[in-house]
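Please keep the sequence and the model in view while reading.

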Amino acid sequence: MSCGTVTKNIAPCIAYLKGGSGPSAACGSGVKALNSLAAIPADKKTACSCLKSAASSMKGLDQKKVAGLPGSCGVSIPYSISPQTDCSKYGST
């Protein structure tokens, strides 16, 4: 798992996260693929860190949409995506 993989999978979601209506099918597929790729604790921690970094570095994102993106795509993860997320909690289980 790398931040490049994370970025590639969430790239189709950027328009939605900047205020667009509903996530596209490509966005949903990317989120689901990313969730499947993050199968082991180390990958979950990496994905969390990359998402956290992206959420804080990209300008113009609707943070409520960012936090709710997994749920909007039918994916359940144990944290909200935000610049305040403590990713260290997700690498040990």
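## Ser 82 and its surroundings

Leaving aside residues up to four places away in sequence, Ser 82 touches Lys 52 and Ala 55, where contact means heavy atoms within 4.5 Å. Ser 82 is found in the segment after α5. With a relative accessible area of 17%, Ser 82 is buried; buried means under 20% relative accessible area, exposed over 50%, and partly exposed in between, with a 1.4 Å probe and protein chains only.

## Basis of the report

The model is predicted: local features need pLDDT of at least 70 and side-chain atom pairs count only at pLDDT 80 or more, while totals for chains, interfaces and linings use all residues. Residues are numbered from 1 along each chain as its sequence is written, and side-chain values use heavy atoms, with hydrogens and water left out.

## The nonpolar core

A nonpolar core is a set of buried Ala, Val, Leu, Ile, Met, Phe, Trp, Tyr and Cys residues joined through side-chain atoms within 4.5 Å. Which members of the largest nonpolar core touch the most other members? They are Leu 17, Val 31, Leu 51 and Leu 69, out of 24 residues in this core. Two or more residues each are given to this core by α1 (3-10), α2 (14-17), α3 (25-37), α4 (41-57) and α5 (63-72). The largest share, six residues, comes from α4. Helices (H or I, at least four residues) and strands (E, at least two) are DSSP runs, numbered from the N terminus. In soluble globular proteins, nonpolar side chains tend to be buried together.

Leu 51 is found in helix α4, and at 10% relative accessibility it counts as buried. Not counting residues up to four places away in sequence, Leu 51 touches Val 6, Ile 10, Leu 34, Tyr 79 and Ile 81. The C-alpha atoms of Leu 51 and Gly 28 are separated by 15 Å, and these two residues are 23 residues apart along the chain.

## Helix α1 against α4

α1 and α4 pack at an angle of about 60°, with their axes 9 Å apart. Axes are lines fitted to C-alpha atoms, for helices over the stretch in contact, and angles run from 0 to 180 degrees between N-to-C directions. This angle makes α1 oblique to α4, because angles under 35 degrees count as roughly parallel, over 145 as roughly antiparallel, 65 to 115 as roughly perpendicular and the rest as oblique.

The contact is made by Cys 3, Val 6 and Ile 10 of α1 together with Ala 47, Cys 50, Leu 51 and Ala 54 of α4. By class, the contact of α1 with α4 has seven nonpolar, no polar and no charged residues. Here Ala, Val, Leu, Ile, Met, Phe, Trp, Tyr, Cys and Pro count as nonpolar, Asp, Glu, Lys and Arg as charged, and the others, Gly among them, as polar.

## Helix α1 against α3

The angle between α1 and α3 is about 155°, and their axes are 7 Å apart. The two helices are therefore roughly antiparallel to each other. In this contact, Thr 5, Val 6, Asn 9 and Ile 10 in α1 meet Gly 30, Val 31, Ala 33, Leu 34 and Leu 37 in α3. The residues of the contact of α1 with α3 divide into six nonpolar, three polar and no charged.

Gly 71 lies in helix α5. Is Gly 71 buried or exposed? Its relative accessible area is 56%, so Gly 71 is exposed. Gly 71 and Val 31 are 40 residues apart in sequence and 9.7 Å apart in space, C-alpha to C-alpha.
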